[in-house]
Amino acid sequence: MDLLETIYKRRSIRNFVPGGVILSDVVKNIIDAGIRAPSGKNGQPWNFAVIDNKKVIDKISEYSRYKNTISNSSCLILVYLDKNRSYDLKKDTLAIGACVENMLLTACNYDIACCWNGDILSNADSVNDILEISDSYELMAMICLGIEDTKITKYLKKTNRKNVDSTILNWIG
């Protein structure tokens, strides 16, 4: 799939087939694409926790209003900011956003359904306790990966994007 096709195809999927499996090599490729994102001073301020254990996924799901999405995920990738490597919070946050987008596009390229979950951030301390993650790492995002449940998603309304011209504030030529 070419890059533009992948960008236009990518969407957030919240309905997964329970019990789906994603190969660890594919998960590593998704993370590898993430770490190719640009970062200020090439600081690469990210670290990841990968969870494909159903019991742990279910525990984490208790801390989100999207419990079913999380609990039916095949794998979770939690993205952390390493506070010890951070030099500018705004720049590092943008870098992590680019990292996450690279991972979402790569998952899409593999035909893996995914959803970027930010809802979990309000319960980051509880999630970190479950995963035994040090306070020197700040949870920035969670990516749910799974096999799309097309029996449900085929009935969901597609979301629209704004027209390009409506998003340009000023064009000085």
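Predicted model: local features only at pLDDT ≥ 70, side-chain atom pairs only at ≥ 80, totals over all residues.
Residues are numbered from 1 along each chain as its sequence is written, and side-chain values use heavy atoms, leaving out hydrogens and water. Local features need pLDDT of at least 70 and side-chain atom pairs count only at pLDDT 80 or more, while totals for chains, interfaces and linings use all residues.

I begin with Asn117, which is in strand 3, residues 113–117. Helices (H or I, at least four residues) and strands (E, at least two) are DSSP runs, numbered from the N terminus. Asn117 is buried, at a relative accessible area of 5%; buried means under 20%, exposed over 50%, and partly exposed in between, with a 1.4 Å probe and protein chains only. A polar atom of the Asn117 side chain lies 3.0 Å from the backbone nitrogen of Ile120.

I turn next to the helices. Helix 3 (residues 54–61) packs with helix 6 (residues 124–131) at an angle of about 160°, and their axes are 10 Å apart. Axes are lines fitted to C-alpha atoms over the stretch in contact, and angles run from 0 to 180 degrees between N-to-C directions. The two helices are therefore roughly antiparallel, a term for angles over 145 degrees. Their contact (heavy atoms within 4.5 Å) involves Val56, Lys59 and Ile60 of helix 3, together with Val127, Ile130 and Leu131 of helix 6.

Finally, helix 6 also holds Asp129. Asp129 is exposed, with a relative accessible area of 61%. Its C-alpha atom is separated by 30 Å from that of Asn42, 87 residues apart along the chain.

Technical notes:
Polar contact = N/O pair within 3.5 Å; in protein donor to acceptor, adjacent residues only side chain to side chain. Parallel < 35°, antiparallel > 145°, perpendicular 65-115°, else oblique.
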